[in-house]
Amino acid sequence: MSASAVHSLWTTAAEPVSRIDAPHIEYGQLSPILIVVGAGVLGILVEAFVARRARYHVQLFLSVVALAAAFAAVVGLAVTGHGSTKAGIVAMGAIAVDGPALFLQGTILLAGLVSLFTFAERRLDPVAHGKQVDSFVAQAGAPPGSKSEQAAVKAGFTTTEVFPLALFAVAGMLVFPAANDLLTLFIALEVFSLPLYLLCALARRKRLVSQEAAVKYFLLGAFSSAFLLFGIALLYGYAGTLSYAGIAEVVDGTVTSIDPALADTMGNDALLLIGAAMVLMGLLFKVGAVPFHMWTPDVYQGAPTPVTGFMAAATKVAAFGALLRLLYVVLPGLSWDWRPVLWGVAIITMLLGAIVAITQTDIKRLLAYSSIAHGGFILAGVIAMNEAGISSVLFYLLAYSFVTIGAFSVVTLVRDAGGEATHLSKWAGLGRRSPLVAAVFAVFLLAFAGIPLTSGFAGKFAVFKAAAEGGAGALVVVGVISSAIAAFFYIRVIVLMFFSEPRPEGPTVAVPSPLTMTTIGVGVAVTLVLGVAPQYFLDLANQASVFVR
Amino acid sequence: MNTENMIALLIAAPLLGAVVLLCGGRRLDRTGHWIGTLLAAASFVVGVVLFTDMLGRDAEDRTLSQHLFSWIPVEGFQADVAFQLDQLSMTFVLLITGVGTLIHLYSVGYMEHDERRRRFFGFLNLFLAAMLLLVLADNYLLLYVGWEGVGLASYLLIGFWQHKPSAATAAKKAFLVNRVGDMGLSIAILLMFTTFGTFAFGPVLSASAAGDTSEGKLTAIGLMLLLAACGKSAQVPLQSWLGDAMEGPTPVSALIHAATMVTAGVYLITRSGAIFNAAPDAQLAVVVVGAVTLLFGAIVGCAKDDIKKALAGSTMSQIGYMILATGLGPIGYVFAIMHLVTHGFFKAGLFLGAGSVMHGMNDEVDMRKYGGLRKYMPVTFATFGLGYLAIIGFPGLSGFWSKDKIIEAAFAQGGTEGWILGAVTLLGAALTAYYMTRVMLMTFFGEKRWQPDAEGNAPHPHESPKSMTIPMIVLAFGSVFAGGLFSLNESFAGWLEPVTAFEHGHPPISAGVIMTATITVMVLGIGLAYVQYGRRPVPVTAPRGSLLTRAARRDLLQDDLNHVVLVRGGEHLTRSLVYVDHTLVDGVVNGTAASVGGLSGRLRKLQNGFARSYAVSMFGGAAVLIAATLLMRAV
């Protein structure tokens with residue numbers, strides 16, 4: 001017996017290894033995401049290799065170019081029909097490139113770009129040891145009030161890491177509304193959440209509050225991620241697949257083949273319902289819907305104000321995008337089950353946000369509750385379950401982003417010795433001392449309140465119209481009542497600014513650099529343009545309102 | 001440049017002036033009044049160019065239109081900013097810009113010492129622009145814009161000396177009374193839209209004339225238009241603002257009475273002639289309003305000692321003539337407009353003359369403290385005197401031609417109505433002669449009666465500067481010749497006929513008899529006034545007077561009536577509404593607000609700052625969410 005024959009008794013020749021196919025990646029369609037991620041990675045390298053004094057400029061340049069280029073890429077894709085006729089699913093089924101995805105990505109990129117300007121603002125804080133400083137801590141690792149912190153301040157350190165962090169967050173947000181399977185969804189969620197947790201902790205002043213906010217955000221975020229992940233597992237058990245289209249097929253009962261390993265659980269409606277509810281919960285947490293809203297006021301208040309503005313705008317856009325895709329692509333067959341539940345959520349979100357905002361005394365908390373109420377309004381559009389629902393939500397998100405970023409940018413300008421003067425009593429009489437700033441803020445407040453000729457009105461009208469057409473008339477009634485309640489506290493701030501006597505020790509309004517001026521100017525311009533002539537943008541949102549499946 | 005495209009320039013020039021003067025700030029203080037005057041004159045020049053151009057065309061092709069832009073383009077609702085320049089508009093344009101420019105020029109001197117002169121000229125320009133918009137609009141909605149603009153400008157100008165409480169009150173009164181009329185116009189426009197689906201002149205008027213619209217609707221529209229006209233033209237029952245409006249600077253009074261504002265009502269009714277022709281009931285109402293106001297204004301004018309208020313009464317009465325004429329239909333329209341133009345000349349002249357007198361008399365307005373001024377102000381005397389002869393209808397002068405035609409047309413109405421209207425117009429002519437002679441005698445003749453005032457400043461009557469006398473002289477020419485010129489070969493009637501239609505009236509008695517009667521009553525009026533004020537010295541303090549005199553001094557108790565009916569009634573109504581508002585509405589509102597606030601305070605406590613509580617609430621929320629989803633499936 002030859003050795004080889006003996007050997008063959010207990011061994012057998014392996015089949016020739018079949019070649020592992022390289023995944024097919026459509027770099028062109030993914031370019032917006034890839035540009036931002038690439039710039040983020042480059043930003044990390046900049047932190048490592050570029051001299052400290054040059055970093056700020058290099059990072060700012062890099063980030064602005066990256067976001068602008070990504071936006072250009074989105075526009076390019078939209079113009080070449082990838083939002084409509086050539087919409088498709090790319091990256092082996094992981095990412096959808098379609099109208100809603102491109103519209104939301106464009107919105108996120110623009111919001112990110114104008115937010116970035118406020119990140120880079122260095123003229124508001126008084127000069128520390130001969131160096132201009134921004135809103136971020138000198139050295140994140142130094143404990144608040146410690147000697148090492150003082151040393152870092154004295155050395156003029158600044159945390160330029162915020163730029164790559166913001167880029168990573170933006171990258172995650174770009175993927176989130178485009179994710180076409182549940183795993184991608186989850187990864188995207190974590191990719192944009194983790195940098196946000198960090199950014200929240202980096203305030204230069206009131207560091208303890210800032211760190212507390214970050215820890216709360218992190219804990220509760222992790223908690224909600226757990227729900228989301230568990231929901232994903234249940235849905236996998238139900239459908240045997242993570243892809244949106246696959247799950248939708250099982251929900252609709254049009255599936256052809258069943259994986260024998262999953263035959264026991266597949267099609268079990270309990271798994272579907274519980275799983276869907278848990279996934280929904282994870283997304284509702286990100287949009288700040290009641291009762292998953294409680295992190296919002298604390299985090300919005302504690303985070304550095306530029307981060308708050310960015311977070312309030314871009315996170316909402318991304319999360320509502322993901323929610324829309326989930327509900328309209330994966331779960332339309334289940335709409336009889338989730339619509340009543342979301343009705344309830346929308347109603348308490350609108351009412352609670354508006355009601356609790358009335359007694360707030362801090363402008364950032366006030367805006368936080370206002371953002372909760374607005375989340376409720378947007379949910380009303382989501383529930384509409386028609387094409388107008390999609391387009392109205394897209395439009396609302398665009399309008400709301402710029403109002404929010406603009407409003408928080410104005411908050412960064414009103415300062416006293418302790419940094420930003422966020423207590424409302426200090427805003428008394430601001431209109432007499434700084435009429436321009438107060439007037440700009442009034443424009444944003446009117447937009448929040450949904451007064452005609454501002455984008456807020458156009459957005460709210462679109463959303464409520466879609467909801468009413470979708471058979472959610474009662475929801476519209478509640479929405480209008482909440483709007484009325486909300487108008488009270490918005491107008492109250494205007495009254496406070498213009499019709500109260502200024503306090504002698506009141507805050508001063510810092511003169512910002514062109515960066516923040518650009519942000520505020522763009523905010524006002526978009527608010528008024530979308531308010532006075534919304535038709536073009538409504539049409540754009542209409543054209544972008546078809547999901548690919 | 002195409003002549004159509006020049007129409008907008010008519011409005012643009014004074015509008016530009018208003019914007020520049022009102023926004024220009026102090027640096028224009030020294031030149032502002034000339035800018036305003038020049039722009040008014042520019043508008044007049046454009047008007048003349050368009051006029052000559054229009055004369056060069058056939059009667060059928062004289063209507064020009066210019067479409068500027070679509071104002072509110074909505075499906076089923078088309079509002080355009082478009083102008084229409086026809087013979088009627090052209091007449092008004094020349095009157096408004098011509099007399100307006102003269103008044104601007106006069107104001108340069110009159111307002112010389114006023115530190116807010118720049119603003120005054122800005123308002124004057126605004127007034128012209130609004131009035132031009134009113135007469136040039138090619139639809140009722142745009143007309144309404146001009147209409148409201150006139151209301152605003154008159155408010156600003158009557159209350160120009162706002163430091164005087166009386167002026168501020170008068171402005172408010174004019175504005176409020178006008179609002180009542182404005183409501184009429186807006187309702188009329190709404191009715192037009194529901195009836196005809198449009199408010200452009202062309203379709204509305206041709207549809208009214210076609211006769212397939214129900215007469216009831218047309219009557220309603222007509223009555224609402226009449227209400228509007230009553231407000232702007234100070235006709236009974238909305239006349240009460242006109243007398244108080246004398247609180248404004250005198251050039252403003254001249255502008256309001258001669259070229260703008262009060263003529264708007266006449267324009268509106270004439271323009272809407274097709275509607276009134278098809279609604280005899282509305283037409284009758286117009287005639288009645290005109291006849292009543294004619295006498296009302298004349299009686300008030302007889303009793304006033306304030307020179308401007310006497311003239312105001314006269315305006316009311318003369319506008320009454322015009323409104324009456326418009327109510328007569330196609331036999332009256334052209335004479336209404338003709339009287340409007342001649343009245344524009346002599347009334348502007350009279351007001352400017354009154355202003356000139358006041359200018360020389362330390363702003364004294366009480367005619368009992370004038371007397372014998374003809375020696376001190378010869379130019380004013382001469383021009384005022386010519387205006388006086390014109391308004392009383394002295395044969396050959398402007399007023400004679402136009403008023404006589406209206407009286408003829410009134411008789412021509414036929415039947416009892418014709419006799420009544422004829423008698424009323426004749427009586428009006430007698431009263432006009434009486435009160436105007438009274439004004440003339442008290443001001444320029446007799447002994448001088450002025451005395452030093454409380455601070456011992458005796459007035460030193462003197463002639464006014466050139467900038468004031470030149471406009472008066474120009475207007476005096478108009479007062480003398482315009483009427484005759486218009487009546488030559490019935491040229492004015494022929495000119496307006498394509499727009500307003502024109503029929504010869506056939507009075508039951510011959511025109512010669514009517515003319516004789518008119519001259520006779522005029523002489524009677526003059527004679528009576530001469531007996532009372534020329535032969536006897538005028539007492540410096542007014543005698544108690546008869547019951548009628550006292551009532552007429554109080555504007556025939558119109559304010560008292562308004563007070564009792566409207567103010568008291570309104571007060572009661574508001575008081576009860578306030579009660580309901582405080583107890584019921586506020587109770588509900590405040591109660592809701594308080595409970596929402598309380599709820600807010602309580603809900604706020606849930607936000608206690610502990611991450612663990614938040615996590616619990618999330619957990620609970622998730623549980624509820626899952627349970628609810630499962631429940632939905634179960635039910």
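Modeller: Of the 15 residues of H17(B), 13 are buried, so this helix is largely enclosed by the rest of the structure. Buried means under 20% relative accessible area, exposed means over 50%, and partly exposed is in between, with a 1.4 Å probe and protein chains only. Helices (H or I, at least four residues) and strands (E, at least two) are DSSP runs, numbered from the N terminus. This is a predicted model, in which local features need pLDDT of at least 70, side-chain atom pairs count only at pLDDT 80 or more, and totals for chains, interfaces and linings use all residues. Residues are numbered from 1 along each chain as its sequence is written, chains are lettered from A and ligands numbered from 1 in the order in which they are written, and side-chain values use heavy atoms, with hydrogens and water left out.

The helix covers residues 398-412 of chain B, and its length can be checked: at 1.5 Å a residue it should span 21 Å, and its end C-alpha atoms are 22 Å apart, which agrees. The expected span is 1.5 Å times one less than the number of residues. Just after H17(B), B:Gly414 has a positive phi of about 85°.

A positive phi also turns up in a hairpin of chain B. Strands E1 (residues 64-74) and E2 (residues 77-85) of chain B pair in the antiparallel sense over nine bridges; two strands pair if DSSP finds at least two bridges between them. Two residues lie between E1(B) and E2(B), and B:Gly76 in that turn has a positive phi of about 80°. Across the pair, B:Pro73 stands opposite B:Gln78.

Now the cores. A nonpolar core is a set of buried Ala, Val, Leu, Ile, Met, Phe, Trp, Tyr and Cys residues joined through side-chain atoms within 4.5 Å. The largest has 201 residues, and A:Phe176, A:Leu284 and A:Phe441 have the most contacts inside it. Helix H12 (residues 305-330) of chain A gives the most to this core, with 18 residues. Contact means heavy atoms within 4.5 Å. Leaving out residues up to four places away in sequence, A:Leu284 touches A:Ala289, A:Phe292, A:Leu323, A:Leu342, A:Val345, A:Leu379 and B:Leu625. Another core, of 190 residues, lies apart from the largest one, and among its residues are B:Ile11, B:Ile96, B:Val108 and B:Ala264.

Next come the charged pairs. Side chains of opposite charge can pair when their charged atoms come close. A salt bridge is a side-chain nitrogen of Lys or Arg within 4 Å of a carboxyl oxygen of Asp or Glu. One such bridge joins A:Arg207 and A:Glu149, at 2.9 Å from N to O. A:Arg207 lies in helix H8 (residues 207-239) and A:Glu149 in helix H5 (residues 147-155), both of chain A, so the pair ties together parts that are 58 residues apart in sequence. A:Arg207 is buried at a relative accessible area of 5%, and A:Glu149 is buried at 15%. A:Asp298 forms a salt bridge with A:Arg365, with the closest N and O atoms 3.2 Å apart. This pair links helix H11 (residues 295-302) to helix H14 (residues 363-383) of chain A, 67 residues apart.

Last, the contact between the chains. In chain B, 25 residues are in contact with 38 residues of chain A. About 2700 Å² is buried between the two chains, and carbon and sulfur atoms give 75% of that area. A:Asp337 and B:Arg633 meet in a salt bridge at 2.9 Å, N to O. A:Asp337 lies in helix H13 (residues 335-357) of chain A and B:Arg633 in helix H24 (residues 611-634) of chain B, so the pair joins two chains. A:Asp337 is buried at 5% relative accessibility, whereas B:Arg633 is partly exposed at 35%. Helix H13 of chain A also holds A:Val356, which is buried at 2% relative accessibility. Not counting residues up to four places away in sequence, A:Val356 touches A:Tyr369, B:Ser600, B:Leu603 and B:Arg604.

Terms used. Buried area is the accessible area (1.4 Å probe) that two parts lose on being put together, summed over both.
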